[in-house]
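The notes follow the order in which I checked things.

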Amino acid sequence: MTVLRKVLFALALPVVLFAGWFWLSDGSESFYSPPLRTILTAFADTWQPERLRADVAPSLLRLLAGYLLAVVIGIGLGMAVGLNRRLRAVLEPVLEFFRAIPPPVLVPVIMLFAGIGDGMKVIVIVFGCVWPILLNTVEGVRATDSVVLDTARAYGVTGPARLTRVILPSASPQIAAGLRQALSIAIILMVISEMFASSNGLGFTIVQFQRSFAIPEMWSGIILLGLLGFTLSLLFRLAERRALRWYEGLRAARRRAG
Amino acid sequence: GSDKDSSGGDSTGSVDNVTVGVIPIIDVAPIYLGQSKGFFKSRNIELKLESGQGGAAIVPGVVSNQFQFGFSNVTSLMIAQTKSVPIKAVAAGVASTGAQGKDFGAVVVKGNSPIKTAKDLSGKKVSVNTLKNIGDTVTRNSVRKAGGDDKTVNFVEMPFPNMQAALEGGQIDAAWVVEPQLSSIKAAGGREVASTFVDAAPNLTVATYFTSQKLLADKPDLVKRFTEAINESLTYADAHPDEVRQILTTYTKIDDKTRAAVVLPKWPIEINKASVQTIADLGTQDGIFASAPDLSKLLP
Amino acid sequence: MTSARRGNPVLLGLAGLAGLLLIVELLPRLGLVNERFLPPTSRIVAALADEVSTAAFWRSLGDTLYAWALGLVLAVLAGVLAGLVIGSVPVLRELTASTVEFLRPIPSVALIPLAVLLYGTELGSTLLLICYAAFWQVLIQVLYGVADVDPVAEETARSFRFSSWGRVRHVLWPTALPYVFTGVRLAASVALVLAITAELVIGAPGLGKEIATAQNSDAVATMYALIVVTGALGVVINLLTRTGERRLLAWHQSVRGEVAT
Amino acid sequence: MLEVKGLRKVYSSGSREVEALRDLTFTVDNGDLVCLVGPSGCGKTTLLRCVSGLLTPTSGEVRLGGSPVTGPPPGMAVVFQEYGRSLFPWMSVRANVELPLKQKKVARARRKELVESSLDAVGLTGTADAYPWQLSGGMQQRVAIARAVAYEPETLLMDEPFAAVDAQTRADLEDLVRALWQRLKVTVLFVTHDIDEAVYLGRRVVMLSSSPTVVQDELVVDLPAERDQLHTRADPKFIELRTRVYEQIQLAKKTVQK
Amino acid sequence: MLEVKGLRKVYSSGSREVEALRDLTFTVDNGDLVCLVGPSGCGKTTLLRCVSGLLTPTSGEVRLGGSPVTGPPPGMAVVFQEYGRSLFPWMSVRANVELPLKQKKVARARRKELVESSLDAVGLTGTADAYPWQLSGGMQQRVAIARAVAYEPETLLMDEPFAAVDAQTRADLEDLVRALWQRLKVTVLFVTHDIDEAVYLGRRVVMLSSSPTVVQDELVVDLPAERDQLHTRADPKFIELRTRVYEQIQLAKKTVQK
Ligand SMILES: Nc1ncnc2c1ncn2[C@@H]1O[C@H](COP(=O)(O)OP(=O)(O)OP(=O)(O)O)[C@@H](O)[C@H]1O
Ligand SMILES: Nc1ncnc2c1ncn2[C@@H]1O[C@H](COP(=O)(O)OP(=O)(O)OP(=O)(O)O)[C@@H](O)[C@H]1O
Ligand SMILES: [Mg+2]
Ligand SMILES: [Mg+2]
């Protein structure tokens, strides 16, 4: 029952929106916004298993590698910066400096050091999606309850245990927000990274479609990106549910009044 | 923008606001020069130049009448034509110099590279600015002509400005570049292995100015005046290379040394139909087009 | 808390930046990278000096900042509003979750043709892209922030029969505020990134267009100079939000924890 | 009149299921002052939250003035056991006390008056501009009390409201509650774990058993309405009543151990 | 030996400046059990946090075993007044109690034993797997006590540790603390606002004045070491002592009103 309800809720709005799009675009003459009908046909034709293997799979691998690396760096650096005020004072301007530089502009510089292979693309992904994780980790760590910190200190919970058992869990709800943000940014950067020095990948394919005026195919690629994002976020949600069970319980205990 | 377009029919007396989407490279110097010389104004065209980064921005702009005209290479235009994008070329844009070793685009390698001729490019990694476009078409052609196997050439996509670093870093074996990067790579010891445009066809028309079929139907007069102005500009530019080099300072940031050294392209007013047909054939052969382009529908 | 000697944060921050400049100066000087691709700081600064002396630079900067500020304000307003509404009505939250997740990963760059189609190279295009990208950042932060409300605080509000607006204004909003600040900081730089990128690709006037021109012209030092300007903008923006945060979040653990002695 | 009928509450989160209340039935007349006592963890807080409409019971019902309680009824004030968390850390003490009044649309002048007088009454003169987290535990608890007092409720629910204050302050606050009750004729439901306090304050004392929780006993406190800390507590009647309550609670504890 | 010398603490945040402690001097011998009483807001918590090394005094110093306290000394356990916030919501009750032991590198088997026995001792058998936020206020407080008890500290600081439990449980816990103290010879500093409790528990009672806070009086409780709830509290000596403490506190309140 609840599963059914969930599925219903998850599908309701997308179905309405797609139906609306279908209806409104039907008979569209505009070259750049073709009817959804055409796009869907293109979708079926374009994203055959072979193409998925050749273009989507490598993209996904890079995406995963970049995301995981960003998670490690973001949380690690974020904890250090969040806990140490001096370090924060030193690093924040530098980090903000890099944060403001658009990845497309930075890619050439990254290419200087990382070449043009998968390494470069992974770095571009890391470079773009580490920020939400980093910022949220810093803020989450800073917001750790003072009584919790005092308790840890008083009972000699120091060193690694302090980080993993106290600070990290306490900041985890906000870190989760960052991880969630980073996921979709990672997808976006996967596309951007493949706009440079590339010859395969989902992003490359979409850009290629765009350039070769295969507009329905391009839209089908965008839809695929959306589906990809949706699927990944679903997985993320499951993981988050598990990891933050205590938090959801804590927050929902009162609301779930059954 | 749309609020500035030339509404109001063929009023020859009134001034038409025209926005043209161009790429801020040497190729479009004539239109800047023509603008400063007043060639457009004298035809009642108030010209505004917007620079975009290639077709992704310019073609939709022209189709939607955000731009009245655009600048694009012929391969992109032919791809658009095969996809029935409603556009039409109206004037020549830029053409190859036709001189081996002295063209504005070429395949280059590092000075100490074992690659001596286009034939050696087989099995090598070559960068082009856009895959499945004019760069790889003409490069494949040069390789074939030199007796190499073009199927084994490994093309990667990369913006022109990044190619020199990639070349020196050994990330690519050869680069298909145009000016000003070409001069700069050569100055740093790079070596040219193929004048690809020259190999492809004599006096190859590389790019043209184009407009939407709608504008062509609605305001034939405006298109005519624009074409005339462009042609005058092209002719003037071709005849006054020094002024061309000078006008570059206004819309590029090419430094003075390079500016003096770059090889300028040719700016004939004729679109060399035969050469375009050659590019069309080569592209069809390479599988760039879904179907063979119909040049009669694209070219004026 | 780190009770270490404090150190002046401004000086420390400047020291950090100076370190970065030094590294960039040394990398090419020591031959670790070719200085034609990454010129030393001194040359970048020289190019920067050339740039700032031109009127065109300031006009571009103005254009970029205008697009950035306008886009950011719109995105933040929309994000906060939507976040508070969706976050405080569970049904809405469930209904929209899948759509939000679907739309979020669509890259702004993929929307460029659409933007150009609608607005050409005018401000509208850039704004559309900025808003699209920055909106999600704020929205997600607000959603998480709203979910963070202390149940006891919420029950207090309910027991005193706060109006819906009262609950949003006095309970949800302050709780979400730290998250919102992070969201705004994220959105501010994303907006800047998008402003530059849009100008870069579409060619709308602004710093991005200048960067594109410099790139196309092989003017490496100038390009880096412009990048430095972009980065500096980021630093300044962060400074501003941090100041705002210190004022508005004085009550919050993250700020009060650092004031307390 | 407040009626609690067959109230049952089971908390179930994940695998853990706790029957906090098994079957509670009792009534509180309008203008009555009823004290609730019972062992720690027996469900007093749960009961109060059901009565205040913040928690939906598993079965049974709560009626106030004849109509069932589904959400917080108007004119009700609650002092939560977690006083610290029920104060808004982003507001000064004054704003915390004033906000419910604003929501009730009390005029500004009257609001000011109410805030001042209630803060005075709990002995917090001069701290109106401090933030809650700048106050000691007992002071925070008194702010929560002041907030309820200033609200001038018709029904007042208090959950161990004097747990964090010293003996002397506690006595003062007890007298404050009685005075308020007599002056405004509020209906008061007062949870305490101090038996003397229950007898001293209440007109009736309801004793809960340990869980599974039912009403163990009820007791009418037939002490004179005018009470004072010195004489009432020395009254033999008082001693007798508190002994009875004490015995019942001992009994409650024993029953469960079987 | 614990020595507090000329301790002064001024909180200054923004414009607000509060002199929580003016000048405190007293000593606690090793293995002594000292109760601290004083009006709400007089600085008891502040004092405890200075003693535990969690807060740096404005002037004066705290010495433990001869060396100045600059951070939490090893072998010290603290029960915080904000019991709810001092439990880690992301850990089960068991993990909360066990974590400090892990940090102390107690062997696994012994740890298990300590956790079980301490939870039993506070009457929380069977709740080890619950999360803190699934417990009632009193139960949470008892978890915090169990954590301190399981830690087997040399110094035990408790800040109103029984505020949220019912009378009967409180009596049991009082006996638990005395038993622990006698068995392990811990030094205990115990803050309470219940005068009877202070006299019943302590070997000495230190009374603080209201702020500006100084030591108002000290009292040696010369009751026999073997105490029990029924007889000790009925002892005339006990009554006399508690009256003395009561009077002193009344006095403290009065002084301030002048
Ligand atoms: N959110 C919750 N989830 C699960 N169990 C809960 C929850 N809240 C309370 N309980 C359980 O319900 C029972 C009653 O809790 P309640 O807080 O009502 O007790 P109480 O009488 O107020 O105790 P105390 O005097 O210690 O505050 C306890 O066993 C507790 O563990
Ligand atoms: N973080 C803080 N910032 C500013 N003032 C504070 C802070 N903590 C405590 N105070 C002030 O210091 C004084 C003493 O507080 P403290 O918590 O030590 O009192 P206490 O004796 O523990 O009181 P209680 O019995 O009510 O818990 C109070 O006036 C309080 O307002
Ligand atoms: Mg309770
Ligand atoms: Mg205290």
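Which atom of ligand 1 is 3.3 Å from a polar backbone atom of Cys42(D)? I found that it is an oxygen atom. I note here that the model is predicted.

**Ligand 1**

I looked up two further contacts of ligand 1. A polar side-chain atom of Thr46(D) is 2.4 Å from an oxygen atom of the ligand. From chain E, a polar backbone atom of Gln134(E) lies 2.8 Å from an oxygen atom of ligand 1. I then checked the cover: the protein buries 94% of the 640 Å² that ligand 1 exposes when taken alone.

I listed the shell next. It holds 21 residues, and those that come nearest are Lys44(D), Thr45(D), Thr46(D), Ser136(E) and Gly138(E). By residue class I have eight nonpolar, ten polar and three charged.

**Ligand 2**

I repeated the search for ligand 2. Its shell has 20 residues, of which Ser136(D), Gly138(D), Lys44(E), Thr45(E) and Thr46(E) are the closest. This site too is shared between chains, because the residues around ligand 2 come from chains D and E.

On chain D, a polar backbone atom of Gln134(D) is at 2.8 Å, and an N or O atom in the side chain of Ser136(D) is at 2.7 Å. On chain E, a polar side-chain atom of Thr45(E) is at 2.5 Å. Of the 640 Å² exposed by ligand 2 taken alone, the protein buries 89%. Helix H5 (137–150) of chain D, together with strand S2 (16–28) and H1 of chain E, gives two or more residues per element to the shell. I counted the classes as seven nonpolar, ten polar and three charged.

**Magnesium ion, ligand 4**

Thr45(E) came up again at the metal. I found the protein donors of the magnesium ion to be OG1 of Thr45(E) and OE1 of Gln81(E), at 1.9 to 2.1 Å. Thr45(E) sits in helix H1 (44–51) of chain E and Gln81(E) in the loop between strand S6 (76–79) and helix H2 (83–86), so the pair ties together parts 36 residues apart in sequence.

Gln81(E) is buried, at 8%.

**Chain C**

I went to the UniProt record for chain C. The unreviewed entry lists residues 65–90, 102–121, 127–150, 171–202 and 222–241 under "transmembrane region". I checked two of these spans against the model. Residues 65–90 are 96% helix and 0% strand, with the end C-alpha atoms 37 Å apart. Residues 222–241 are 100% helix and 0% strand, with the end C-alpha atoms 29 Å apart.

His252(C) counts as buried, at 14% relative accessibility; the cut-off for buried is under 20%. I also noted Leu177(C), 75 residues away along the chain, whose C-alpha atom is separated from that of His252(C) by 9.5 Å.

Definitions and conventions: Residues numbered from 1 in each chain as written. Chains lettered and ligands numbered in written order. Predicted model: local features only at pLDDT ≥ 70, side-chain atom pairs only at ≥ 80, totals over all residues. Heavy atoms only, no water. Donors = N, O, S within 2.8 Å, 3.2 Å for Na, K, Ca; no water. Helix = DSSP H or I, 4+ residues; strand = E, 2+ residues; numbered from the N terminus. Buried < 20%, exposed > 50% of the residue type's maximum accessible area, 1.4 Å probe, protein only. Near = heavy atom within 4 Å. Polar contact = N/O pair within 3.5 Å; in protein donor to acceptor, adjacent residues only side chain to side chain. Areas by Shrake-Rupley, 256 points an atom, 1.4 Å probe, with all protein chains shown as cover. Nonpolar A, V, L, I, M, F, W, Y, C, P; charged D, E, K, R; others polar. UniProt positions renumbered as here; feature names shortened; annotations may be inferred.
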